[in-house]
Amino acid sequence: MAPQTRSSFPSVVIERETDTEESSSFSEEEEGGGGGKGAGEEDAESESENVKTYEERTKGKAPISIPLKKVCKVCKKPGHEAGFKGATYIDCPMKPCFLCKMPGHTTIMCPHRVATEHGVVPAPHRSAGNPIDFIFNRQLSPRVRPIKPAFVIPNEVKCAVTRYHSRRVTCLEFHPTNNNILLSGDKKGQLGIWDFHKVHERIIYGNVHTCILNNMKFSPTNSGSVYAASSDGTISFTDVETGISSSLVNLNPDGWQGPSSWKMLYGMDVNAEKGLVLVADNFGYLHLVDSRSNNKWEDTILVHKKGSKVVGLHCHPLQPDIMLSCGNDHFARIWDMRKLQDGCSIHDLEHKRVVNSAYFSPLSGSKILTTSQDNRLRVWDSIFGSMGPPNREIVHSHDFNRHLTPFRAEWDPKDPSESLAVIGRYISENYNGTALHPIDFMDISTGQLVAEVMDPNITTISPVNKLHPREDVLASGSSRSLVIWRPKEQSESVKEKEDQKIVLCGKLEKKRHGKKFGNESDDDSDHDGGFGPVSKKGKA
C-alpha cells in the first residue's frame, strides 16, 4: 500500500529525574555541615532528606522535549515531505518532477501525465539507404502486417492465488507447450509451478536456489526442463514435473569471500541455433554454457563496463548471431556473437540512467524496446539503419525498484504489428476513492496509452507481467501473489467452463484450511503487500 504521511509530528518528552550539578553541591553541603553526629545518624538523616527533596529538586525543572521534525525521504532535509498522500504523489521541492524529470512543475501538473499519447518525445527522422536496409524491406518487412489489427486486452481477473510465494515474485515464464502452466520465481530462490486452469494445483520447489531467482528459460530441446539463473552465482537445470535439479555452473565455488568477489547472475537467454545458454553477472561479464554437454566455456567476455551489473540478455528471433544486452552502465549494446570480444559491440545505445530491460521485437526482430530508470520507454524502429537517438521516447512511471522487482516493458508475442507492449505502473491513481496501480498497455508505434488494467481488489504494485505466447492471457506478479487476466468479451461456453476463483494461500489459507504453504513473512510487504478485500464467494 502507498505510504501514509503524518500531518503533525509529536514530541518525545523526557522527564528530569536528577540534576547532576545540584546533587553534587547537595552532597558537599552534607559533608561540610555534619557537626558532631554519628555515622548512623548521618546516614539516616541523608536518606530521609534525599526522599524529601526529590520532588523539590524536580518540581521547578522543565522537562526535556525532543521535537520530531518533518524530514523529506528524497533530499533528507527537514521542513517538508515527499511521497504518496493517498493516491496523490507529492514532489520534493528541491527536486524536479518525479515523472518526467524536468523542472518547473510537479507530478500532478506534469504535461506528460495528462497527454493523450502518454508524453511521447519524437526523435529526428533518419533515412538510411544502405544494402542492409534493402534486405530488411525484402525479407523481414513482409512479416509485419501493414494494417494494424485491433488489440485484444486481457482486462479482467480470471483467477488468482494470494501469497503463493513466501517472498516477492521476480520472474514469470509460460510453458512452451502446455498453455495452462505458469512458472514463477521469487526472491528466496523458490521455483513455483501453477496450473491456473485448475487453480488449486500448485507446486513450489524450494531446493533450486538459495537466494533471488532472477531469470529462467525453457530448454529448446526438452520442454519439460528449465534453466534458471540466481544471485547465488549458479545456473540450475530443473525438471518441471519431478523437481530434480542439477547445478550446471557455480561461479562461487569457495563460498562467501566478501561482496567484492561474490558473483551474481542476472540476465539470461538461450540460443537454440548455437546450442548455448548465455548468462551475465554483476561484474559486466558474459558466460557461455553448452546446452548439449552442460559445460561452461572457460572464456568470459566483458560486455559492459567492468564492475557494472548486466541485467538483461536477448537473442535475435531470426538472426542467432545477433545479441542484445543491457546493464547498469546506462547502455544497451548490440553484439555479433561471431566476434565476441571485449569492447567490440556493433552499436551502443546510450541512456540517461540504468537500463532495466532491452528486447528485440518478437517477429521480425527489427525493433528494439528498452526500459530505463529515468521513466522512459525508448523505441528504435530499425536496427539496420543508423543507430543514433531513439525514434521515440515514451514517458512512463516506473522509476522505483527498492523493495520491488524492477519494471520491464515486454512485447506482446501475438501482435502481428509489433507495436503492443505491457508494463506495470508505479505512481498510483485515484479510482473511486481507491489508490490503484494499473498495468499499462502501450502502443509503442505512437506512444499512446491503449488500456489501463486494474481491479479494486488488487491495491498493490504489479511490476512483473508476462503475456501468453499463444492465448489472450496476461500473468502478473504482485508481491507474493499471482494473477491471471483474460478479456471480458468471451463466449458463453468459455464463461461456463471457466469460473473465477481466488485461492488464499499463506497465513490466510492456514487460518481457513490449516495448510502451511508460504507462511513466512515478507520484508517487502510494506511496499507491495497482499491483495485487498475478497468477496464472500471468492470472486474478483
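I count a residue as buried under 20% relative accessible area, exposed over 50%, and partly exposed in between, using a 1.4 Å probe and protein chains only. By that rule Cys92 is buried, at 4% relative accessibility.

**Ground rules**

I am working on a predicted model, in which local features need pLDDT of at least 70, side-chain atom pairs count only at pLDDT 80 or more, and totals for chains, interfaces and linings use all residues. Residues are numbered from 1 along each chain as its sequence is written, and side-chain values use heavy atoms, with hydrogens and water left out.

**Entry: cysteines**

I looked for disulfides, a disulfide being a pair of cysteine sulfur atoms within 2.5 Å. The count came to zero.

I take helices (H or I, at least four residues) and strands (E, at least two) as DSSP runs, numbered from the N terminus. Two strands pair if DSSP finds at least two bridges between them. Strands of a sheet pair through backbone hydrogen bonds, either parallel or antiparallel.

I found an open sheet of four strands in the order 7-8-9-10, with antiparallel pairing. Strand 7 (169–174) and strand 10 (202–205) are the edge strands, and each pairs on one side only. Strand 9 (residues 191–195) runs antiparallel to strand 10, and four bridges join them. In this pair, Gly192 has Ile204 of strand 10 as its bridge partner.

I then looked up another open sheet of four strands, ordered 20-21-22-23 and paired antiparallel. Strand 20 (310–315) and strand 23 (347–350) each have a single partner strand, so one side of each is left without a neighbour in the sheet. The twist averages 15° from one strand to the next. Strand 20 is joined to strand 21 (residues 322–327) by five bridges, and the two run antiparallel. Here Val310 has Gly327 in strand 21 as its bridge partner.

Residues 162–195 are 0% helix and 53% strand, with end C-alpha atoms 14 Å apart. Residues 348–381 are 0% helix and 56% strand, with end C-alpha atoms 16 Å apart.

**Entry: salt bridges**

I searched the whole structure for salt bridges (a side-chain nitrogen of Lys or Arg within 4 Å of a carboxyl oxygen of Asp or Glu). The search gave 17.

One of them joins the side chains of Asp399 and Lys101, at 2.5 Å from N to O. Asp399 is in the loop between strand 27 (392–395) and strand 28 (410–411), and Lys101 is in the loop between strand 4 (88–90) and helix 3 (111–114), 298 residues apart. Asp399 is buried at 9% relative accessibility, while Lys101 is partly exposed at 25%.

I also noted Asp348 and Arg333, whose side chains meet at 3.1 Å, N to O. Asp348 lies in strand 23 and Arg333 in strand 22 (residues 331–336), so the pair ties together parts 15 residues apart in sequence. Asp348 is partly exposed at 37%, whereas Arg333 is buried at 12%.

**Entry: strand 32**

Is strand 32 (residues 439–443) mostly covered or uncovered? It is mostly covered, since five of its five residues are buried. In a regular strand the side chains alternate between the two faces of the sheet. I found both faces of strand 32 covered, with Ile439, Phe441 and Asp443 on one side and Asp440 and Met442 on the other.

Strand 29 (residues 420–424) runs antiparallel to strand 32, joined by five bridges. Strand 32 also pairs with strand 33 (residues 448–453) in the antiparallel sense, over five bridges. There Asp440 stands opposite Glu452.

Technical notes:
Axes fitted to C-alpha atoms, helices over the stretch in contact; angles between N-to-C directions.
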